[in-house]
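Trainee: I have a new structure open and would like to learn how to read it. Could you take me through some of its features, step by step?

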Amino acid sequence: MKEIRPINWTGSRLELLDQTRLPHEQVTVNISDYRVAAAAITDMRVRGAPAIGVTAAYAMVLAAAELQSRERAGSQIAAARPTAVNLGWAVRRMLRVAEAEPDPGSILPKLEAEDEEINRRIGEHGRVLMPQDGEGVLTHCNTGALATSAFGTALGVIRAGWEKGGRFRVYNTETRPWLQGARLTSWEFQQLGIPATLIADSAAGMMMLNGDISCVITGADRIAANGDTANKIGTYALSVLAHENGIPFYIAAPTSTVDLSVTDGSGIKIEERPQHEVTAYGGMPVAPSGTVAYNPAFDVTPNRYITAIVTEAAVCRPPFDDSLRRAVDAA
């Protein structure tokens, strides 16, 4: 299958595949300033918890090259998107590295390789959860290589299932308002040669009721110690629909997404994005002028609706307080 790598480091410059331009254009953004890297995260030119974590690590190296205060730069980078725990995790890791390594940039290729290996292990653990041939799996938003340094998390599980010969049907939501599912996930499935059907977000319940979908798998941006999971807006609704229809609901994410310092989902800060992302698309208004919009980027799925959380260390099942801690310790 064709490998997609959205992040490239030249040794002095960061190159990002601009995900706001996909699928119609493949444009590379060249970045040599950590502030521009932070803006790229905020503006969603790069997105997905693991991918923004890797980008943050590179941004810290750019800051060091400018002789900027590491702590000040780290705070600015970590604030670019507050819900994804991987962002702060990468910044803290690079601050530790900088204290012991005169050339912190030297470890970045290792960081990327580590991320890919983690994602492949997630895929290997999770592929056994995929449905039988002819049955359907639904995924939400984008959790493939574009959301990581390579391979992907939830989409990587689907890919791993197909690479091992599974021929289950694949569905993905459009994922409003940014249409990450329609623009990015559909594009990735085409690049991988995996047949997939795009559905409107609001069609998921009907398809579950009709028996078209046998399980749901999504990624995560932050997982609390008890398993409550923050992910792209709409994930909570899908989990409730899956529960109502007796369908397994899975999360796939690296252990770096688990935040054991947060007891439950009530402690996860939810990013709210600009209203115009809902009232307009592609520069064209889709609502009357003056319309007020509410635009949370994420929601929190309570652990009671989650069947299992797939990590690189293990498939974690309830009680998540115990299984997630063991997975983090193992990783």
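**Reading the model, feature by feature**

Mentor: The buried residues of helix α6 are Ala154, Leu155, Gly156, Val157, Ile158, Arg159, Ala160, Gly161 and Trp162. Keep in mind that this is a predicted model.

Trainee: How many residues of α6 are buried, out of how many?

Mentor: Nine of the 10 residues in α6 are buried, so the helix is mostly covered. Buried here means under 20% relative accessible area.

Trainee: Which elements do the buried residues of α6 pack against?

Mentor: They pack against two helices, α5 (108–126) and α7 (180–192). They also pack against the strands β4, β5 (169–173), β7 (215–218) and β10.

Trainee: Next, a pair of helices. At what angle do α1 and α2 pack?

Mentor: Start with the axes. Helix α1 covers residues 34–42 and helix α2 covers residues 49–65. They pack at an angle of about 165 degrees, and their axes are 8 Å apart. That angle makes α1 roughly antiparallel to α2, because angles over 145 degrees count as roughly antiparallel.

Trainee: Is the crossing left-handed or right-handed?

Mentor: The crossing of α1 past α2 is left-handed.

Trainee: Which residues meet there?

Mentor: From α1 come Tyr34, Ala37 and Ile41. From α2 come Ile52, Thr55, Ala56, Ala59, Leu62 and Ala63. Sort the residues of this contact by type: eight are nonpolar, one is polar and none is charged.

Trainee: Which residues does His140 touch?

Mentor: Skip residues up to four places away in sequence. Beyond those, His140 touches Thr173, Thr175, Asp201, Ile217, Thr218, Lys232, Ile233, Gly234, Thr235 and Leu238.

Trainee: Which polar contacts does the side chain of His140 make?

Mentor: There are two to look at. One joins the side chains of His140 and Thr173 at 2.7 Å. In the other, the His140 side chain reaches the backbone oxygen of Ile233 at 3.0 Å.

Trainee: Val128 is also in a loop. Is Val128 buried or exposed?

Mentor: Val128 is in the loop between α5 and β4. At 59% relative accessibility, it counts as exposed, because the cut-off for exposed is over 50%. Compare its position with Gly166, 38 residues apart from it along the chain: the two C-alpha atoms are separated by 9.8 Å.

Trainee: And where is Thr257?

Mentor: Thr257 is in the loop between β10 (249–252) and β11 (258–259). At 0% relative accessibility it counts as buried. Setting aside neighbours within four places in sequence, Thr257 contacts Val85, Asn86, Ala220, Asp221, Arg222 and Ile223.

Trainee: Last, the backbone. What should I look for?

Mentor: Most residues other than glycine have a negative phi, and most peptide bonds are trans. Look for exceptions.

Trainee: Which phi does Cys141 take?

Mentor: Cys141 is not a glycine, yet its phi is positive, about 60 degrees. This residue is in the loop between β4 and α6 and is buried, with a relative accessible area of 6%. Now turn to Thr175. Its phi is near 65 degrees, again a positive value in a residue other than glycine. Thr175 is in the loop between β5 and α7, where it is buried at 0% relative accessible area.

Trainee: Where are cis peptide bonds found?

Mentor: One joins Arg176 and Pro177, with omega about 5 degrees. Pro177 is in the loop between β5 and α7. Another joins Pro318 and Pro319, with omega about 0 degrees. Pro319 is in the loop between β16 (315–316) and α11 (320–330).

Conventions. Residues are numbered from 1 along each chain as its sequence is written. This is a predicted model: local features need pLDDT of at least 70, side-chain atom pairs count only at pLDDT 80 or more; totals for chains, interfaces and linings use all residues. Side-chain values use heavy atoms; hydrogens and water are left out. Axes are lines fitted to C-alpha atoms, for helices over the stretch in contact, and angles run from 0 to 180 degrees between N-to-C directions. Helices (H or I, at least four residues) and strands (E, at least two) are DSSP runs, numbered from the N terminus. Angles under 35 degrees count as roughly parallel, over 145 as roughly antiparallel, 65 to 115 as roughly perpendicular and the rest as oblique. A crossing is left-handed if the near helix is turned anticlockwise from the far one by less than a right angle, and right-handed if clockwise. Contact means heavy atoms within 4.5 Å. Ala, Val, Leu, Ile, Met, Phe, Trp, Tyr, Cys and Pro count as nonpolar, Asp, Glu, Lys and Arg as charged, and the others, Gly among them, as polar. A polar contact is a pair of N or O atoms within 3.5 Å; within protein, one must be able to donate a hydrogen and the other to accept it, and residues adjacent in sequence count only if both atoms are side-chain atoms. Buried means under 20% relative accessible area, exposed over 50%, partly exposed in between (1.4 Å probe, protein chains only).
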